[in-house]
Number of protein chains: 2
Amino acid sequence: MKKQIGKTNALYPSLTTILGTTINGRPNFITIAHVGIMNHGDPQYLSFGVSKSHFSNQGIIENKVFSVNIPSRDLVVETDYFGIMTGKSTDKSSVLETFCTEGYEAAPMLKRCPVSMICKLARTIDFETHDVFIGEIVATCADEEVLANNKIDISKVNPLLFDMSSIQYWSLGEPVAGAWNAGKVLKKK
Amino acid sequence: MKKQIGKTNALYPSLTTILGTTINGRPNFITIAHVGIMNHGDPQYLSFGVSKSHFSNQGIIENKVFSVNIPSRDLVVETDYFGIMTGKSTDKSSVLETFCTEGYEAAPMLKRCPVSMICKLARTIDFETHDVFIGEIVATCADEEVLANNKIDISKVNPLLFDMSSIQYWSLGEPVAGAWNAGKVLKKK
């Protein structure tokens with residue numbers, strides 16, 4: 001039986017990321033799970049919806065570059081901390097060790113995160129309460145431990161998946177079936 | 001040890017959805033996992049990146065409305081089929097039973113999907129190869145079986161998570177910790 005449940009956003013779970021930026025010369029990090037993939041190609045564009053009330057927006061707009069760090073399950077405490085504390089009043093720069101790449105010093109990355117991307121700000125889409133930052137990926141770096149043949153093994157990344165209904169982080173389960181493959185059985189001969 | 005792996009998109013897994021639209025009077029469905037959450041609020045905006053080569057774009061642009069269906073794991077074969085066959089040459093309207101809501105007949109939904117949203121087209125963001133359709137949620141309906149206190153229980157939805165690296169659908173695992181809560185232990189007293 002179908003039931004109407006208002007205008008509920010059911011586009012969950014979404015991937016939990018930590019954006020790194022620099023504000024007033026200091027690294028700052030914020031947890032963002034309202035993310036998106038715009039296209040598939042090169043340039044590759046990703047979206048990050050950040051409430052205008054946050055401190056990080058200023059750093060992204062000024063530097064036009066930011067990092068996107070993918071935390072593993074074992075970083076759930078630090079990840080959540082980056083989301084509940086504001087950089088306006090809390091120095092989050094030394095919670096986890098940082099590193100950066102030459103030319104992108106304003107996009108500090110987190111060593112403990114198994115995968116990080118550096119994004120150039122390509123566009124900002126203005127919504128009433130949110131800046132949606134469209135980043136173009138310029139470089140990706142990963143721990144060797146999560147790579148197999150230079151490709152990311154998502155089960156080793158063990159990402160945190162966010163769900164707004166339960167207000168919980170969830171883990172990734174097991175593989176179900178091959179994409180662009182499982183449906184072939186329905187093709188008519 | 002960190003390793004550079006080019007401009008790899010590491011924003012996976014992403015949620016697998018099936019967009020429903022009407023083209024030339026016939027329901028059509030396409031699997032889209034390049035999705036995003038723009039904001040948190042009302043109106044609530046979601047993004048869907050659809051290659052301009054696809055048949056569905058025409059229906060979304062003409063009708064300015066579409067459905068977003070969330071398939072469960074048990075629909076992996078049908079879900080993948082909607083992604084590998086094109087509506088240009090294949091009638092996908094009778095693969096699964098459809099239904100619609102009054103006033104939104106051009107946004108056919110799939111009965112077997114436990115959750116469906118109807119979206120009005122709010123904006124289209126133009127990328128070189130992709131139309132990114134920004135939908136505003138106007139209504140959500142769900143099977144009673146996946147609801148608890150009128151809220152969606154994501155473990156009962158049992159969604160399909162897409163990963164481009166392994167080219168596989170993955171399942172959801174177990175809850176890890178409470179959001180806006182787990183990080184409180186790091187707060188200084």
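**A loop proline and its surroundings**

Modeller: This is a predicted model. Apart from residues within four places of it in sequence, Pro108(B) is in contact with Gly20(B), Thr22(B), Pro27(B), Ser67(B), Thr98(B) and Cys100(B).

Biologist: Where does Pro108(B) lie?

Modeller: Pro108(B) belongs to the loop between β8 (98–99) and β9 (109–110) of chain B.

Biologist: Is Pro108(B) buried or exposed?

Modeller: Pro108(B) counts as buried, because 22 C-beta neighbours lie inside 10 Å and the cut-off for a buried residue is 20 or more.

Biologist: How far apart in space are Pro108(B) and Val68(B)?

Modeller: Their C-alpha atoms are 9.2 Å apart, while 40 residues separate Pro108(B) and Val68(B) in sequence.

Biologist: Which residues is Gly135(A) in contact with, leaving aside neighbours within four places in sequence?

Modeller: Among them are Tyr45(A), Leu46(A), Phe48(A), Phe66(A) and Val68(A), and also Cys119(A), Lys120(A), Leu121(A) and Ala122(A). For Gly135(A) and Cys119(A), 16 residues apart along the chain, the C-alpha separation is 4.9 Å.

Biologist: Now the two chains. What rotation superposes chain A on chain B?

Modeller: A rotation of 180°, with 0.0 Å of shift along its axis, superposes chain A on chain B at an RMSD of 0.0 Å. That is the relation of a two-fold axis. The same surface serves both copies, since 100% of the contact residues of chain A recur in chain B.

Biologist: How many residues of chain A are in contact with chain B?

Modeller: 84 residues of chain A are in contact with 84 residues of chain B. On the side of chain A that touches chain B, β15(A) gives the most, with 11 residues. The residues of that side divide into 45 nonpolar, 26 polar and 13 charged.

Biologist: In which sense do β15(A) and β15(B) pair, parallel or antiparallel?

Modeller: β15(A) and β15(B) pair in the antiparallel sense, over 7 bridges. Trp170(A) stands opposite Pro175(B), which is in β15(B).

Biologist: And how many residues of helix α2 of chain A are buried?

Modeller: Helix α2 (residues 76–84) of chain A is mostly covered, with 7 of its 9 residues buried. Those buried in α2(A) are Val76(A), Glu78(A), Thr79(A), Asp80(A), Tyr81(A), Phe82(A) and Gly83(A).

Biologist: What covers the buried residues of α2(A)?

Modeller: The cover includes β3 (17–23), β4 (26–32) and β15 (168–178) of chain A, together with β15 (168–178) of chain B.

Biologist: Finally, the backbone. Which way is the peptide bond from Tyr12(A) to Pro13(A), cis or trans?

Modeller: The peptide bond from Tyr12(A) to Pro13(A) is cis, with omega near 5°, and Pro13(A) lies in the loop between β1 (2–4) and β2 (14–15) of chain A. The bond from Asp42(B) to Pro43(B) is also cis, with omega near 10°. Most peptide bonds are trans.

Biologist: What is phi of Ile167(A)?

Modeller: Phi of Ile167(A) is near 50°, a positive value in a residue other than glycine. Ile167(A) is placed in the loop between β14 (161–163) and β15 of chain A, and counts as exposed because 11 C-beta neighbours lie inside 10 Å.

Note on methods. Residues numbered from 1 in each chain as written. Chains lettered and ligands numbered in written order. Predicted model: local features only at pLDDT ≥ 70, side-chain atom pairs only at ≥ 80, totals over all residues. Least-squares fit on C-alpha atoms with pLDDT ≥ 70 in both. Contact = placed C-beta atoms within 7 Å. Buried ≥ 20, exposed ≤ 12 C-beta atoms within 10 Å, placed from the backbone. Helix = DSSP H or I, 4+ residues; strand = E, 2+ residues; numbered from the N terminus. Nonpolar A, V, L, I, M, F, W, Y, C, P; charged D, E, K, R; others polar. Pairing = 2+ DSSP bridges.
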